[in-house]
Amino acid sequence: MSEDPDHPVTYRQAGVDIDAGNALIKAIAPLARATSRPGADAALGGFGGLFDLKQAGFRDPLLVAATDGVGTKLRVAIESGQHGTIGTDLVAMCVNDLIVQGAEPLFFLDYMATGRLDVATARDVIAGIAEACSQSGCALIGGETAEMPGMYQGGDYDLAGFAVGAVERDCILPLPGIEAGDKLLALTSSGLHSNGYSLVRKLVEKTGLDWDQPAPWEPELSVANSLLSPTRLYVKPLLAALRATGPSSGAIKALAHITGGGLTENIPRVLPEQTAATIDLSAWRQPAVFAWLAEAGRLPDEEMLRTFNCGLGMVLVVAAEREGDVTSALESAGETPLLIGEITQRGDDAVIYQGSLDDTP
């Protein structure tokens, strides 16, 4: 039966449920309030979020902004029906980019687009966002949930995150004076974090794995649970180490967040042109997933090191004479920093690897 041309067509019939959107706002309002911090009350519902820099205690700050998503890791969450940690990835990819410039994250906003708003799924995602904001000292002050039938199919959705931080003008990283002899410390990753998933998913498909079967590299977890391990949040331990050693003292000269492009592409982003990073590949143990990927895809070290983090999520450039101070500060903050190499004079390559990934202990 054809529709009556004189009968009203509602927004709900067009695929957009305003009531579902209102229900989601009610469900997530307590989550946002729990992220309140000096400078923001984290209340939702206005047309924009407010932040008071003076109340946050800054004297001569510069604002630093970052935006990111989680890439095709979302397909693993969607296809496996596990949405509880993908919000952590979203926050981590933004706030970890702020801290590498010495900035304290202040507030976060999210954007979620879907073909049909499922309140339970959206609440799970935003609960992960709120928890990660709390762990980073960052207020969740707003966001947008867009229901767009015809743009997204079925249960598909996409995420984007926006974070703003502040750093005192004389504490911006990288600091000048990076030179040969400076040491490279690293903090471990929790696994793949949020990069390389188009290749990961291709290799999972190629090897015939299902999301709910035991992961060959981590049999106590399913493939999906292992691949959805959330990105580590490095903000609090790095802020603690910067403050303990003096953020403008030159103890910590630079930080590099190891995301897409791996060690090979990300470390040079913070180095002067005349310097290089020499890295000992035997200095840390890779999580087993990386060895599985290398074998499944027959991937050489060069491809692994410029696609994945290979077990290191953050690299610090540290003055040689302050290495002990920085190590102690990180240990006091609950980290176990690894000495992975040093800064050398630039030759043909900006990153020089010693040994092979097979040498990891």
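Which residue in S11 is the bridge partner of Ala 277? In this predicted model, that partner is Ile 343.

Let's step back to the whole sheet. Six strands make up an open sheet, and reading across gives the order S8-S10-S5-S11-S9-S12, with mixed pairing. At the edges stand S8 (252-257) and S12 (351-354); each has a single partner strand, so one side of each is left without a neighbour in the sheet. If you ignore direction, neighbouring strands are turned by 25° against each other on average.

Now look at the helices that sit on this sheet. Helix H3 (residues 86-99) packs on the sheet by touching S8 and S10 (312-318), and its direction makes about 160° with that of S8. Helix H7 (residues 235-245) also packs on the sheet, touching S5 (183-188), S8 and S10. The direction of H7 makes about 170° with that of S8.

Next, follow the chain into S9 (275-280) from helix H8 (262-266), and you'll pass Pro 268 in the loop between them. Leaving aside residues up to four places away in sequence, Pro 268 touches Leu 263, Ala 350 and Val 351. Val 351 falls within the edge strand S12 (351-354).

Helix H5 (residues 197-206) is worth a stop of its own. Its buried residues are Tyr 197, Val 200, Leu 203 and Val 204. Looking down the axis of H5, you find them within an arc of 120°, so they line one face of the helix. On the face turned away from that buried side are the exposed residues Lys 202, Glu 205 and Lys 206. The cover over the buried residues includes H2 (73-80), H6 (223-227) and H9 (288-297).

Take H9 from that list. H5 and H9 pack at an angle of about 65°, their axes 10 Å apart, and the crossing is left-handed. From H5, the contact uses Val 200, Leu 203, Val 204 and Lys 206, while H9 brings Trp 292, Leu 293, Ala 296 and Gly 297. Sorted by type, these residues come out as six nonpolar, one polar and one charged. Just past the end of H5, Gly 208 adopts a positive phi of about 75°.

Terms used:
Residues numbered from 1 in each chain as written. Predicted model: local features only at pLDDT ≥ 70, side-chain atom pairs only at ≥ 80, totals over all residues. Heavy atoms only, no water. Buried < 20%, exposed > 50% of the residue type's maximum accessible area, 1.4 Å probe, protein only. Helix = DSSP H or I, 4+ residues; strand = E, 2+ residues; numbered from the N terminus. Arc of directions from axis to C-beta. Contact = heavy atoms within 4.5 Å. Axes fitted to C-alpha atoms, helices over the stretch in contact; angles between N-to-C directions. Left-handed = near helix turned anticlockwise from the far one by under 90°. Nonpolar A, V, L, I, M, F, W, Y, C, P; charged D, E, K, R; others polar. Pairing = 2+ DSSP bridges.
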